[in-house]
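Please look over the sequence and the structure before reading on.

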Amino acid sequence: MEAISVIGFAIALFIFFIFKLLITPSKPKKNQLPEPWRIPIIGHMHHLIGTIPHRGVTELARKYGPLMHLQLGEVSTIVVSSPRWAKEILTTHDITFADRPETLTGEIVGYHNTDIVFAPYGEYWRQLRKICTLELLNTKKVKSFQTLRNEECWSTVNEIKALGSGKPIDLSKCISKLIARIISRATFGKGIKEERVFTETVREAIELTGGFDDIADIFPSKKFLHHLSGKRAKLTKIQKKLDKVIDNIISNHSGSRSSSSRECLLDVLLRHKDEAELPLTSDNVKAVIFDMFAAGTDTSSVVIEWAISELIRCPRVMKELQAKLREAVKGKERIEEEDIQDLINYEVTPPLPLLMPRECREPCEINGYNIANKTKLLVNVFGINRDPEYWKDPESFIPERFENSPINIMGSEYEYLPFGGGRRMCPGASMGLANVELPLANLLYYFDWKLPNGTSHDELDMTELFGAVAQRKTKLVLVPMFQDIMDGSGLGSNKNPATWELPSRIDNWLICCYYFDWKLPNDSKGEDLDMVEVFGASVQRKNELHMVLEPYRFSQN
C-alpha cells in the first residue's frame, strides 16, 4: 500500500508539473530582491536539497545577502538574516507583516487557526493575545507557579539520584519529562494521566510544522496534493488524539475559582467562556491549550539540552558556572529561584532556527524593493546569531560575550531573538525563561556530568534535526556524578574531604550510611580503632568517633 501511495503521488506531481509549465506565463522582473537561480515549478527548493534547511538558507544568505528572495514552490518568500533587517521589518513594517500564512497544521490542529500562533491578524487575535499577556502569562502568574517548578525540579533530581551515580542516563528524556510535568501542572493545576501520550502527540504535530519538507507547505493552493502527500491524514489523526485527551481533562477539571492567584491556565480560559468581551468556544480553549504545550515543552527542553551540550564541550565554562551556582546557593538542600537571579545568563541556542513564518498583508516597499501581498516572511534567527558584523567568532560557544554587555535575551537590537520580535513576539517569554533557568540550575548544581565510556568532550555529536524546533539528532546520554552539597563548608568535595565530630553533627545515621563513604583519619587501619566503652545508663564510646567522609560513588557497588 505504501509503495502504491508513493507511485500515485509521483504520477500526480509529474502531471501537475507539466500542467504548470504549459499554462504559467512568465512574469517580468521589477525591483526584485537578490535570489539564487531557479528552475520552473519548484523555484529554489533544489538549493536546499540535502541540507538542514536553516543551514542551507544561511549559506544562501551569505552569497545573496541578508535580505533575499526565495521561491519555495508556489510560495514567494523573503528571508531576513541580519539584525539590521530584522529590526527594520519587525518595527517599521511590523503591522504589514503581522499576519500568518495559512497552513494545514493551523487549520487542523489549531482548530481552524483559532490559537495564538496560527490565528490571522485581527480583532480575535488581539483580544486573545491580551488575555495571554495580562492573565495567562504575566509575570505575577508565572511567579505563582514557582512552587510547582521547585517541586518538579527536586523530584527530577531525586529520580536521577535513584538511577545511581556513575551510570549513563538519557538526559534528553529526563529533561523532556520534567518540562512536560511543569507545563501540565501550570496548565491544568495537576499532572495528567495521559501526559506521555499527550506530549508525544503534540511533538508529532510540531515535527510536521517545519514548512520545507512537505509538498502541502510549498503548494498550499493545490488541495489534492495535501491528500496525496498524506499530511492531512496524519494531522487529522493527531488532532483526534489531542481532542480526546483535552476533552477528558476539561470534563474532569474541578477548577479553582476562589482566587485568581490560584487559578491554573485552564481556569483562566474557562472563565473567559462566560465573558462577553471575548467569549471563547470549547475549540478556542483547546486550541490555546495546544499552544501552551507545543510552544512550552519542546522549546524549553531543547534549550536546556543544547545548553548542557555546549557546556559538556567546554568543561572550563561548565566548572565556572557550577562554582558560581554552588557559591550562590551556599549549600542549601534545595535551590530557590531567588538564589540564581542573573546567574543563568549564558549563551543558549534559540529553539526556533527560523521564526514562525509571517505573511505580508498588503503590498509594500523595503529598501526600494517591491514586496507583493501574501509574500511569506522568514526571520532566520540561526543566521542572525551567526552574523559576523554583530558577533565575534559567531560559530564558537563564548558565553563571556554576554558579561557586561548591553545585549539581552529579549534582543532589543534584534541580534539574538530567541522569542522573536514585534507584535508576533512570543507572549510566553517569562514562562519560558523560568522553565529553563531553574531546571538547568538544578542539573548543574547537584551533579557533575561527563560522556559515557570515556568519550572525549569534543566528540559529542552536535548535529541538529530540522523542524519548527531544532532538536538534537541524537539523544543526550550523559553520566551523572552526584555532588552532595549540604552547606557552604566544602562538605561533599572530593578534593577536601571533611573530618567530622559525629555526635555533634549527625542526627540520622541511615542518611550517613547511604550518602557517604567513611574511613579513619590519617590512614589508620580499621583494626586500630579504639573500641573502649564507658559504663553508664547508656554504653557510650570512651573516645569520640572522628571519621573522614566522602560522597558515596554508587558505581562502586
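**The chain as a whole**

The model is predicted. Its chain has 557 residues, of which 52% count as buried. The secondary structure comprises 20 helices and 14 strands.

**Helices H8 and H18**

Helix H8, residues 171-188, packs against helix H18, residues 429-446, at an angle of about 135°, and the two axes are 11 Å apart. Because of this angle, H8 is oblique to H18. The crossing of H8 past H18 is right-handed. On the H8 side, the contact is made by Leu171, Ile175, Leu178, Ile179, Ile182, Ile183 and Ala186, while H18 contributes Met431, Asn435, Pro439 and Leu443. Sorted by class, this contact of H8 with H18 has ten nonpolar residues, one polar residue and no charged residues.

**The cysteines**

A disulfide is a covalent bond between the sulfur atoms of two cysteines. How many disulfides does the count give? The count comes to zero disulfides. For cysteine 132, the closest cysteine sulfur belongs to cysteine 426 and is 9.5 Å away, so the distance is too far for a bond.

| Residue | Relative accessible area | Class |
|---|---|---|
| Cysteine 132 | 0% | buried |
| Cysteine 153 | 2% | buried |

Terms used. Residues numbered from 1 in each chain as written. Predicted model: local features only at pLDDT ≥ 70, side-chain atom pairs only at ≥ 80, totals over all residues. Heavy atoms only, no water. Axes fitted to C-alpha atoms, helices over the stretch in contact; angles between N-to-C directions. Helix = DSSP H or I, 4+ residues; strand = E, 2+ residues; numbered from the N terminus. Parallel < 35°, antiparallel > 145°, perpendicular 65-115°, else oblique. Left-handed = near helix turned anticlockwise from the far one by under 90°. Contact = heavy atoms within 4.5 Å. Nonpolar A, V, L, I, M, F, W, Y, C, P; charged D, E, K, R; others polar. Disulfide = S-S within 2.5 Å. Buried < 20%, exposed > 50% of the residue type's maximum accessible area, 1.4 Å probe, protein only.
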